[in-house]
Each structure stands twice: as structure tokens, then as C-alpha cells.
Amino acid sequence: MNVPILPVNSGDAALDAGNRAIVWLGKISTGSNYADIRLVGSLDGLHIRAQMMDETVQAGDVLTFTVKGVALVARYPATNGWTIAMRCGTTCRGWDATTVIPWSTFGGMPLAGATWTLSVKLTDVDGALTPTASTWPPAGAGSLYWGEPDYRGATIAGMQQLNLPLSGDSMLGGATDCGAPDYPNYFPTWGQRNWGTSPYVNVQAQWDAADWPCYSKYYAQWSLAGLPAGAQIVSATLEMRQFGNAGYEPGDTGATVFQLFEVKSAWNESTVGQGPACNRESRARAVYQVPATCEIPNFFCNPGLPVTFDVTEIVRRAASENRTWASVGLYTAAGQYHSGKYLYSREGTEPPVIHIGYVTRAPP
């Protein structure tokens with residue numbers, strides 16, 4: 001997990017949700033538990049925002065972070081040093097926990113490029129004699145890398161280009177209508193709903209855990225079989241077309257930072273469920289609201305606007321491991337209402353294209 005360190009103090013606008021790293025664990029279903037975790041560093045400490053999706057919020061639910069060997073524990077309904085809130089009305093959506101941990105807790109502020117151990121465990125009571133638990137990573141210990149590595153591709157003389165369609169893609173979660181088919185009881189079916197044949201893609205999240213039925217991720221995969229033997233990857237981009245965004249009025253949505261994650265487990269768009277595990281964050285970029293000329297009167301751009309995502313490091317890693325395919329997951333830590341951005345899938349009017357630049361000699 002690559003976590004930014006920003007040279008600001010608590011309260012600064014730069015610590016907005018969209019500028020945070022995000023990781024998730026567990027699954028959404030009856031009797032299971034799931035959490036989205038947002039992290040960012042500032043001059044005064046480690047900022048944590050955790051959203052737990054849980055239909056039976058009760059005392060005894062616990063979220064535990066182990067960072068650099070230090071245990072940080074948030075217990076529902078109250079824990080010193082944490083702001084904890086429940087998201088329940090006639091039904092429960094979950095609870096959330098927010099805090100800032102001073103650097104002195106870990107022996108000092110990290111330098112950019114430092115790596116700390118990190119693991120997360122969500123223990124959920126749900127009225128059971130034996131509480132259930134979800135962990136990140138699923139086994140072993142994870143790594144928290146401080147800063148954002150430069151994974152950008154380049155353009156060099158003699159570079160050749162391979163243009164490829166996607167071999168599979170799928171939108172997961174709330175899609176473009178906040179999980180409408182699962183309303184009002186989302187937990188039994190929302191997590192397994194398959195949008196693999198949808199012509200549309202939405203990536204969306206929010207600061208308020210009560211609205212998680214609107215959250216949406218996207219996965220895409222493509223073949224590398226067309227790369228010649230010995231090809232050295234110089235650049236790779238996923239080009240998509242954006243035709244609209246969420247919101248009721250022009251200007252509702254703002255900018256949404258999409259985060260790209262390497263996926264190393266094979267998956268099928270017709271059976272993807274809640275999605276394969278993501279290995280590490282690769283790149284992030286902001287996707288903006290469509291211009292007013294599109295938003296009035298119908299929020300629709302035709303043709304769609306090109307949006308490119310740098311997947312160079314994802315393709316390099318796949319090629320270095322002799323895989324004949326590569327895959328990426330897209331999600332966001334965005335906090336604003338209506339953060340969703342709408343793009344075409346491979347079944348849509350303007351399907352995504354992968355552009356891979358390579359040379360057959362050692363790159364400079």
C-alpha cells in the first residue's frame with residue numbers, strides 16, 4: 001500500500017479523502033464483514049478513516065491496525081482517541097472510525113521511501129458465539145510504503161506500439177444506480193451482483209459509510225500474447241472514454257482521483273463476484289467532471305472524452321513474471337457526494353484500448 005506524506009498539518013484541504021490511499025478487506029454479504037480503509041500522512045501524524053459495512057453493528061465489533069509493530073485498536077461504540085459513529089436507521093449500514101495517530105507513537109515521522117509493516121483485522125460479533133474476522137492482507141503481513149513511487153511510462157526513439165482490446169472487464173458494486181436491484185436489503189445480494197456485461201463503467205465512493213450501496217469498482221484485463229519475445233516495456237496506457245458523471249446539477253461531482261491497482265489473480269467477468277485481490281497500488285490520476293456543454297441538458301458527452309490511465313508498471317510486472325495477460329483494478333478514496341465518473345466498458349459504444357510501447361533492445 002503506497003501512502004502519501006503531505007507537508008501540511010491536520011485540517012488542511014490537501015488531506016481531502018481523494019488524496020488518501022485506500023485498501024479494503026472482507027466481503028459484503030449476510031453474516032460477513034467488509035471495510036474500506038483510507039490512510040494519509042501529514043506533518044502531525046498518520047490519518048486513518050475506516051468504514052465498516054455491517055448490518056448488525058453492536059458492542060464488541062473491533063478494528064485493529066498493526067503498524068510498524070504498534071497495535072491501534074478502535075472498538076465500537078467508543079474508544080479514546082477515535083471518533084466513532086454508527087450508520088443505522090430502520091436498518092444498519094455499518095459504522096466508521098476516524099483518528100490521527102501522532103508520529104511519536106511509532107518513534108518518529110517516516111522518510112519518503114521508507115517501508116513499514118502493516119496489517120488490518122476486522123472482528124465482527126454479529127450475535128455469534130465465535131466472532132468472524134476479515135484481514136488485510138489475507139495471509140502474512142502487508143507493507144506500507146511511504147510516498148508514491150514514480151511508475152510513469154516514457155516515450156523513446158525506436159519504440160514500437162501494440163494496440164489491444166480488453167479481453168474482459170467488469171464493474172462491481174453499486175454500478176450507475178446505487179445498487180438499485182438490491183434495495184432495500186442490500187447485504188444478501190449486493191456483493192455478488194455481476195455487471196460484467198454492462199456497457200457502462202462507474203468508479204465511485206464517499207466519506208459517509210451510510211451510502212456504500214453507491215460505491216463501485218472496475219476491473220479490466222487484456223492479453224500480452226502479442227508482445228514479441230524479449231520485448232522491453234517502455235510505456236502502457238489504458239485509454240477509456242468518459243461520457244458523463246454522477247450528480248443532479250452541473251458542477252455537483254467535482255474531480256475524482258482514480259487509483260489503479262495491480263491484479264495478479266486470474267478472473268472471469270461473468271463470475272467475478274466481489275473481485276480478485278489487488279496486489280499493490282500502481283498509479284493515481286484525477287478524472288474531472290464533463291464540461292457544461294455536455295452536462296446541459298442531459299449530462300451526456302457524445303462522442304466520449306478520452307481518459308488515459310498509466311498501467312506501465314502493471315504490464316512490466318506481468319511480462320517479467322512471464323504471464324500472458326495483465327489486469328488492473330480501479331477504485332477511489334473520494335469523499336464527496338456524486339463522485340462517480342461514467343465511462344464505456346468493452347461492451348459499450350466506445351470500448352477501452354490498451355496501448356503498449358516497447359523496444360526489442362535494452363531501453364536507455
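Helices (H or I, at least four residues) and strands (E, at least two) are DSSP runs, numbered from the N terminus. The structure is a predicted model, in which local features need pLDDT of at least 70 and side-chain atom pairs count only at pLDDT 80 or more, while totals for chains, interfaces and linings use all residues. Residues are numbered from 1 along each chain as its sequence is written, and side-chain values use heavy atoms, with hydrogens and water left out.

**The loop between E13 and E14**

Strand E13 covers residues 168–173 and strand E14 covers 200–203; Pro-184 lies in the loop between them. The peptide bond that leads from Tyr-183 into Pro-184 is cis, with omega near 0°. Burial is judged by relative accessible area: buried means under 20%, exposed over 50%, and partly exposed in between (1.4 Å probe, protein chains only). The two residues are set out below.

**The five-stranded sheet**

An open sheet is formed by 5 strands in the order E2-E3-E4-E8-E7, with antiparallel pairing. Strand E2 (21–26) and strand E7 (83–88) stand at its edges; each has a single partner strand, so one side of each is left without a neighbour in the sheet. Neighbouring strands of this sheet are turned against each other by 15° on average, direction ignored. For this angle, axes are lines fitted to C-alpha atoms, for helices over the stretch in contact, and angles run from 0 to 180 degrees between N-to-C directions.

Two strands count as paired if DSSP finds at least two bridges between them. Strand E3 (residues 34–42) and strand E4 (residues 45–53) pair in the antiparallel sense over 9 bridges. Within this arrangement, Tyr-34 stands opposite Met-53 in E4.

**Helix H2 and the residue after it**

Helix H2 spans residues 312–320, and its buried residues are Thr-312, Glu-313, Ile-314, Val-315, Arg-317 and Ala-318. Just after H2, Asn-322 adopts a positive phi of about 60°.
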